[in-house]
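Open the model in your viewer and keep the selection tool ready. The stops below say what to pick and what is there.

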Amino acid sequence: MVLIKKRLKTRLVYKMYDLIIIGAGPAGITASVYAARKRMNFLVISRDIGGQTAWSGDIENYTGYQFISGPELAAKFEEHMRQYKIPLKETEEVEDFRRDGDGFIVKTAKGEYRSRTVIVASGKRSKELGVPGEKEFKNRGLTYCATCDGPLFSGKDVAVIGGGNSALDAAIQLMKIARHITIVTSAGSLTGDSVMREQVETSPLVTVMNNARVAAVTGDKFVSGITIVKNGLEEKLQVQGVFVEIGLTPNSYFCTILEKNQIGEIKVTIQNETNVPGVFACGDVTDVPEKQIIIAAGEGAKAALGVFRYLIQNPLHG
Amino acid sequence: MPKQVKVYSTPTCPYCIRAKQYLKENNVTFEDIDVSAHEDAGQEMIQKSGQMGVPVLDIEGTIVVGFDKEKIKNALGL
């Protein structure tokens, strides 16, 4: 009797979902809309809503919208999802998931959830420099979002780390705000689009340092400088702001049971299956060629339909 | 008495938009302070929070950095 009670309790705590979707960017949200329309019993767990779309500038290649801003398109996605009253755990991050009987246990800092299947749609995030001082000075002068935090550096000397499009985009935004901008890139020259390159290179406010590597971020309470290594020599640069724009890395660290490629992207088949039956993945976190909002959305739809088929083909026993 | 709430934000940051949306959903009136338009407000925010990331919420003296739903909920007594 006692034993039965205990088992009942466990069952109540761990409700079994058909599907858990990890992430609520274009891929995760589209998957959730498809899952809702297939009347699946599911849950979405995500750190944020909109993913990288919410951070994007102007979008001119999402069919149906000739022009829309990133935050606006993200709001449209969210509105679409909310229409279906989808259960959503927001600001919750998945730490791990593993196989458990007929399904999986998904673990976050706040709890554990059980599900027959999982869709990983956790996208990508800004790459970190991995140098001393980076963690300590995050949000204390060091930031990964020029669009968000740029205005706080009005009249200040700042450094942008990186030489690609996102670094140039940050530098161009900061040209209207900061006093001086130093672009520090490990490459031999800037690599972004030529239109943006010209804009930056002809600005009297910008200095470009090629073949240079950031070795440390320094300061007291806030950033006061960075240490740069160039041609084997160390030099200090006095700046109050550091904008890290060195590209993206997939949010796949919690997918310990999944097979990934050398840059950490989850390997998927054309049907969005991973190496583990019952686990599907879609969008920027996967090795799908081309990372685009419209592609992520389409992949999300494919993953949800794949799950639907999987659930029919693999009914629960008992 | 409704609590005095200030939101230090920039118009372009997604977490600022979400934080303000959350307050609206819960019928919380707040003062929206755009730190990109007012440099002094930016300094005030840095002083209060000891950091430079947006959004920052001042809920009757309780400072919440970022869109931290739980902390906001607790500070508001929701």
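**Stop 1: a core residue**

Select Ile20(A). Beyond residues up to four places away in sequence, Ile20(A) touches Phe42(A), Leu43(A), Ile45(A), Val106(A), Tyr113(A), Ser115(A) and Val118(A). Contact here puts two C-beta atoms, placed from the backbone, within 7 Å.

This is a predicted model, in which local features need pLDDT of at least 70 and side-chain atom pairs count only at pLDDT 80 or more, while totals for chains, interfaces and linings use all residues. Residues are numbered from 1 along each chain as its sequence is written, and chains are lettered from A and ligands numbered from 1 in the order in which they are written.

**Stop 2: the core around it**

Which residues have the most contacts inside the largest nonpolar core? Select Ile20(A), Ile119(A), Val120(A), Val160(A), Ala171(A) and Val242(A). The core holds 104 residues. A nonpolar core is a set of buried Ala, Val, Leu, Ile, Met, Phe, Trp, Tyr and Cys residues joined through C-beta atoms within 7 Å. Buried means 20 or more other C-beta atoms within 10 Å of the residue's own; exposed means 12 or fewer, and partly exposed lies in between, with C-beta atoms placed from the backbone.

Now pick helix H7, residues 293-313 of chain A. H7 gives the most to this core, with 6 residues. Domain 1 (2-126 + 248-313) and domain 2 (142-244) of chain A both give residues to the core, so it lies between them. The domain bounds come from an automatic or database domain assignment.

**Stop 3: all of chain A**

Colour chain A by domain. The C-alpha centres of domain 1 and domain 2 lie 34 Å apart. Chain A has 7 helices and 19 strands. Helices (H or I, at least four residues) and strands (E, at least two) are DSSP runs, numbered from the N terminus. Along the principal axes, the C-alpha atoms of chain A fill a box of roughly 75 × 50 × 30 Å. Of its 318 residues, 42% count as buried.

**Stop 4: helix H2**

Select residues 26-37 of chain A. At 1.5 Å a residue, the 12 residues of H2(A) should span 16 Å, and the end C-alpha atoms are 17 Å apart, which agrees. The expected span is 1.5 Å times one less than the number of residues.

H2(A) is mostly covered, with 9 of its 12 residues buried. Among them are Pro26(A), Ile29(A), Val33(A) and Ala35(A). The buried residues pack against strand E1 (16-22), strand E2 (42-46), helix H3 (70-82), strand E8 (112-120) and H7 of chain A. Then step to Arg39(A). This residue follows H2(A) and has a positive phi, near 55°.

**Stop 5: where chain B comes in**

Select Thr91(A), in the loop between strand E5 (88-90) and strand E6 (94-100) of chain A. Is Thr91(A) buried or partly exposed? Thr91(A) is partly exposed, because 17 other C-beta atoms lie within 10 Å. Leaving aside neighbours within four places in sequence, Thr91(A) is in contact with Arg47(A), Phe67(B) and Lys69(B).

**Stop 6: chain B**

Chain B has 3 helices and 4 strands, running β-α-β-α-β-β-α from the N terminus on. Of its 78 residues, 40% count as buried. The C-alpha atoms of chain B fill a box of roughly 30 × 25 × 20 Å along the principal axes.

Finish with the scores. Chain B averages a pLDDT of 90, and 100% of the residues score at least 70. pLDDT is the predictor's confidence in each residue, from 0 to 100. For the complex, the predictor gives an ipTM of 0.80 and a pTM of 0.79.
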